[in-house]
Amino acid sequence: MDKMPAWADAVLVPLISILLAAILSALVILAIGENPVEAFKLMVDGALMRSTGWGYTLYYTTNFIFTGLCVAVAFHAKMFNIGGEGQAMVGGLGVALACLFIPFPHWSVALIVATLAAAAFGAAWAFIPAWLQAKRGSHIVITTIMFNFIAAALLNYVLVNLLRPVGAMEPATAGFPAVTHLPTFQDMFASEGNPLFRGSPANVTFFLAVAACIAFWFLIWRTKLGYEIRAFGHSESAARYAGISPVRITVIAMLISGGLAGMMALNTTMGEAERLVLNATEGAGFIGIAVALMGRSHPVGVFLAALLFGFLYQGGAELALWTSIPRELITVIQALVILFTGALDNMVRMPLEKLFLATRRRSS
Amino acid sequence: MDYATLLQVLDSTVRLATPLLLACLAGLFSERAGIVDIGLEGKMLAAAFFSAAIAAVSGSVWLGLLAGIAASMVMSGIHGLASITFRGNQLISGVAINFLASGITVLIAQDWFSQGGRTPSLMGGGRFESITLPFAEALRGVPVIGPLYYELISGHSILVYVAFLMVPLTWWILFRTRFGLRLRAVGEAPEAVDTAGVSVVGLRFAAIAICGLLTGLAGAYLATGLQAGFVREMTAGRGYIALAALIFAKWRPWYALYACLLFGLLQAVALRYQNIDLGGFIIPVQVMDALPYILTVVILAGFVGKAIPPRAGGEPYVKER
């Protein structure tokens with residue numbers, strides 16, 4: 001018998017965790033001498049009350065959907081992929097190479113090819129840790145951390161020594177050709193009389209991210225491969241007994257995970273900067289951990305959590321602009337969310353389970 | 001390369017290896033007790049900030065050191081609460097601690113000092129001064145050995161000597177005391193320790209307290225010894241390099257010393273020479289940056305001797321009923 005109904009597990013536990021994180025964040029804001037209610041109002045104003053704010057919020061949301069799904073698919077196979085950051089960096093390299101060196105006739109073709117390149121590069125970067133875990137038993141958490149640093153060094157080398165235009169000081173590639181410009185929300189939805197999303201970076205990759213959520217749901221809950229991934233995640237020995245190859249599932253799950261992380265680079269590199277810069281990932285790979293934990297590794301949850309973090313990111317930028325609260329507040333909130341929804345999960349869960357058991361006993 | 005340059009590189013190797021060594025030994029205690037700790041980076045960062053901040057405010061580096069140790073002990077406490085008391089995922093808890101430290105240090109630094117997330121530069125009593133060992137001046141003129149003693153062995157801050165003395169001390173505690181035996185046992189077979197009537201929870205909390213103490217020293221050395229003040233993200237991945245060194249050393253104290261010296265040397269060389277020219281073949285500086293991580297992956301892959309972690313590492317202990 002389950003200790004708790006499913007809805008409580010899926011909705012109540014994350015909600016209480018977020019509430020705890022929010023209360024602690026409010027205390028932090030109070031401690032540095034600002035008013036938490038005012039700060040929250042400012043964040044809502046800046047992120048949700050104007051279309052430009054939404055444009056930024058959805059831009060960040062797009063990043064976090066991809067990295068959240070990246071961590072989530074690995075969670076389903078009971079692996080912890082901390083390497084989303086590095087995989088996204090290398091994915092960005094794939095996007096840049098495709099955009100710079102292939103003459104595209106139209107942005108839609110460019111988007112398809114760049115998506116494939118991003119996914120392939122990201123997946124390739126995840127392949128080595130996956131293979132080492134499956135074949136040599138080296139722990140994937142450590143290897144993916146190491147691969148983040150190796151990716152940073154690799155990208156630094158490529159940008160400084162190979163792809164930097166002659167005479168440029170900044171370690172970045174040349175601007176991508178104009179034809180690879182992806183339609184932004186402004187291009188799509190704004191008209192003469194109704195200037196929506198002005199200057200904001202949200203672009204067509206947002207719809208790609210939503211499509212990725214749907215594809216993720218279909219893959220995990222409606223296909224044989226998804227079933228195998230979940231079975232492997234629940235019990236490796238049972239999966240092996242059922243004829244599922246642990247090596248195959250480990251490698252495939254990590255390839256999907258790395259591919260999703262790589263696709264995140266489409267949004268920042270092709271959609272926003274239109275060139276590859278050194279810090280194109282902006283830490284989104286790590287936020288994916290918080291998003292996946294909060295979203296309970298379900299695409300709907302990941303989407304909502306990504307939206308929340310998109311709001312926090314844009315709201316945090318507004319706070320830094322108008323108050324003395326630095327952007328790092330968002331890092332603290334992110335840490336608290338990871339702590340409560342991930343590591344201290346049992347602290348929230350145990351009392352709730354007791355509560356439900358007690359009420360059930362009374363009613364029966 | 002002449003003798004004087006060599007000594008300078010080795011001297012900076014010792015300085016750069018010190019925070020790695022302290023953090024690596026911290027991780028050693030924690031992981032030998034079965035608590036995987038990827039939060040070394042965050043604990044060091046918190047200690048670096050609080051040691052620099054309190055040293056700047058009070059003017060006393062010793063008060064700063066205490067504050068730094070206290071800060072990383074608090075972080076250790078959170079890790080213990082999550083991973084021992086509530087049996088949460090130790091890796092996720094470590095990630096959370098890294099983010100918490102990264103955010104909260106800048107937040108408080110901005111609130112206290114309003115200098116863009118840094119502390120004021122430390123001067124005078126706010127820093128650990130270098131210690132000149134006895135006879136260093138007198139022996140300086142002696143060829144070969146004199147400069148070696150003066151440059152390399154003498155002239156470091158007290159925490160450097162503490163770090164190097166911690167290596168034999170760690171070995172002695174872990175392999176020659178009853179506490180050490182139990183601590184290692186709790187990382188391999190906690191159920192056996194429990195059967196013997198020794199508290200698994202107590203031992204593990206003791207281990208992470210030692211871990212907090214050592215990361216506190218590491219962070220304080222960074223901000224008050226190696227550099228004069230705190231800047232944001234000043235640990236710059238050293239916690240992860242220490243983790244890499246720990247695996248490289250296969251969870252043994254003396255090997256930890258060698259691994260940290262090796263990684264310190266790589267950092268020192270990368271700092272001094274940008275690109276190394278080996279007769280027409282140039283090693284770019286990025287290779288030096290990435291080398292500790294690449295070496296660790298190779299070791300982990302088991303191609304050069306297999307690294308086998310403590311058996312119960314990462315697993316919360318649940319008493320059988």
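Colleague: Which domains does the domain assignment give for chain A, and how many Å apart do their C-alpha centres lie?

Modeller: This is a predicted model, and the domain assignment divides chain A into domain 1, residues 1-34 + 324-364, and domain 2, residues 60-316. Between the C-alpha centres of domain 1 and domain 2 of chain A the distance is 28 Å.

Colleague: Which helix gives the most to the side of domain 1 of chain A that touches domain 2 of chain A?

Modeller: The contact draws 11 residues from domain 1 of chain A and nine residues from domain 2 of chain A. On the domain 1 side, H1 and H14 of chain A each supply at least two residues, and that side divides into seven nonpolar, three polar and one charged. The most, eight residues, comes from H14(A).

Colleague: Why do the buried residues of H2(A) line one face of the helix?

Modeller: Helix H2 of chain A, residues 36-48, reaches 18 Å from its first C-alpha to its last, and its buried residues are A:Ala39, A:Met43, A:Gly46 and A:Ala47. What covers these buried residues includes helices H1, H3 and H13 of chain A. Viewed down the axis of H2(A), the buried residues line one face because they fall within an arc of 85°.

Colleague: Which helix supplies the largest share of the side of chain A that touches chain B?

Modeller: In this contact 35 residues of chain A meet 36 residues of chain B. Helices H5, H6, H12, H14 and H15 of chain A each supply at least two residues of the chain A side, whose residues divide into 24 nonpolar, eight polar and three charged. The largest share, 11 residues, comes from H6(A).

How values were computed
Residues numbered from 1 in each chain as written. Chains lettered and ligands numbered in written order. Predicted model: local features only at pLDDT ≥ 70, side-chain atom pairs only at ≥ 80, totals over all residues. Contact = placed C-beta atoms within 7 Å. Helix = DSSP H or I, 4+ residues; strand = E, 2+ residues; numbered from the N terminus. Nonpolar A, V, L, I, M, F, W, Y, C, P; charged D, E, K, R; others polar. Expected span 1.5 Å × (residues − 1). Buried ≥ 20, exposed ≤ 12 C-beta atoms within 10 Å, placed from the backbone. Arc of directions from axis to C-beta. Domains from an automatic or database assignment.
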